[in-house]
Amino acid sequence: MLKKLFSKSKKGKHSLEVKESLVSNECLPSHIAIIMDGNGRWAKKRAMPRIAGHHEGMQTVRRIARVADDIGIKVLTLYAFSTENWKRPKSEVDYLMSLPQMFLNSFMPELMERNIRIEMIGDKEGLPSNTKKALNEAMEKTKNNTGLILNFAMNYGSRAEIVKAMKDIMVEVDDGKLTLDQVDEKTIDQYLLTSTLPEPDLLIRTSGEVRLSNFMLWQLAYTEFWFTDILWPDFNQDTFLEAVRAYQQRNRRYGGLKGE
Ligand code: IPE
Ligand code: IPE
Ligand code: MG
């Protein structure tokens with residue numbers, strides 16, 4: 001495990017050596033969110049069907065979960081299927097919906113060994129029963145794990161999430177359980193699907209697209225963004241560490257004057 005590669009450097013700081021890459025153990029992002037994009041284009045370049053790209057993308061998920069765990073990231077949120085992705089051809093949607101079962105079954109022994117907990121955000125009830133079952137079982141099996149939280153955004157849409165939070169808050173106000181004065185930013189945080197998670201520190205999007213595609217609109221207010229042209233199936237440990245190092249160079253000011 002890469003964790004074992006952490007060693008004291010001359011300056012007394014901990015660092016992790018992975019091939020040529022160095023990631024300092026300081027200022028690590030706690031929560032990294034990734035918009036995994038470019039599977040279809042990866043396949044097209046190889047004259048393969050789009051689903052071959054999704055299959056390859058699943059291998060990348062494995063690789064990135066491992067390295068995130070190895071360097072001590074607390075939460076890794078992966079955007080796997082958006083509420084808008086239902087617009088795709090049924091055969092592609094069906095394949096995407098079969099991936100959680102395939103991935104979680106084959107990765108389960110390693111998830112347990114690594115103490116990784118599976119979570120999900122999104123409208124679970126809108127998923128086919130097999131997909132839901134696979135996610136529920138994985139969440140149940142890993143619920144006592146205390147390491148990395150591997151959080152899948154599945155049938156997730158940020159606007160739908162916000163609408164639901166607003167409605168839930170309005171019901172509470174109607175029932176007299178909350179007063180209007182009590183509704184503040186913290187209240188909204190608590191009604192979102194991410195209520196138990198820290199806000200993402202770093203957002204990565206692959207494939208050259210520079211947009212959010214309805215992903216965590218509220219939660220990303222002060223997140224650092226990192227974009228790459230690399231297609232998700234080609235994204236690897238080194239690229240991931242490059243993004244983490246770039247994050248460590250950023251100066252987060254939150255509207256103030258200095259963040260050092
Ligand atoms: C990302 O790859 C996976 C999902 C959105 C489910 P795409 O399938 O969007 O790949 P491109 O963008 O068409 O290349
Ligand atoms: C965003 O990718 C959704 C996921 C990665 C799951 P899309 O490929 O669906 O986004 P657009 O359509 O290019 O904005
Ligand atoms: Mg795409």
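The entries below go from the ground rules to the annotated site, then to a helix and one more residue.

**Ground rules.** I am working with a predicted model, where local features need pLDDT of at least 70, side-chain atom pairs count only at pLDDT 80 or more, and totals for chains, interfaces and linings use all residues. Residues are numbered from 1 along each chain as its sequence is written, chains are lettered from A and ligands numbered from 1 in the order in which they are written, and side-chain values use heavy atoms, with hydrogens and water left out.

I looked up the UniProt record, an unreviewed entry, and it places the feature "active site" at Asp37 and Asn85. Its positions are in the numbering used here, feature names are shortened, and annotations may be inferred rather than shown by experiment. Asp37 and Asn85 both belong to the lining of the largest pocket. (A pocket is an open set of points on a 1 Å grid over the protein atoms alone, where a 1.4 Å probe fits, with protein on both sides within 12 Å along at least five of seven lines; lining residues have an atom within 4 Å of a point.)

**Asp37.** I found Asp37 in the loop between strand 4 (31-35) and helix 1 (39-45). Helices (H or I, at least four residues) and strands (E, at least two) are DSSP runs, numbered from the N terminus. Asp37 is buried, with a relative accessible area of 16%; buried means under 20% and exposed over 50%, with a 1.4 Å probe and protein chains only. Beyond its neighbours within four places in sequence, Asp37 has contacts (heavy atoms within 4.5 Å) that include Arg205, Glu209 and Trp232.

**Asn85.** This one sits in the loop between strand 5 (75-82) and helix 3 (90-113). Asn85 is buried, with a relative accessible area of 16%.

**Helix 4.** Which residues of helix 4 are buried? I noted Thr131, Ala134, Leu135, Ala138 and Met139. The face turned away from them carries the exposed residues Ser129 and Lys141.

**Asp201.** My last stop was the loop between helix 6 (185-191) and strand 8 (202-205), where Asp201 is found. At 13% relative accessibility, Asp201 counts as buried. Its contacts outside four places in sequence include His31, Glu224 and Arg252.
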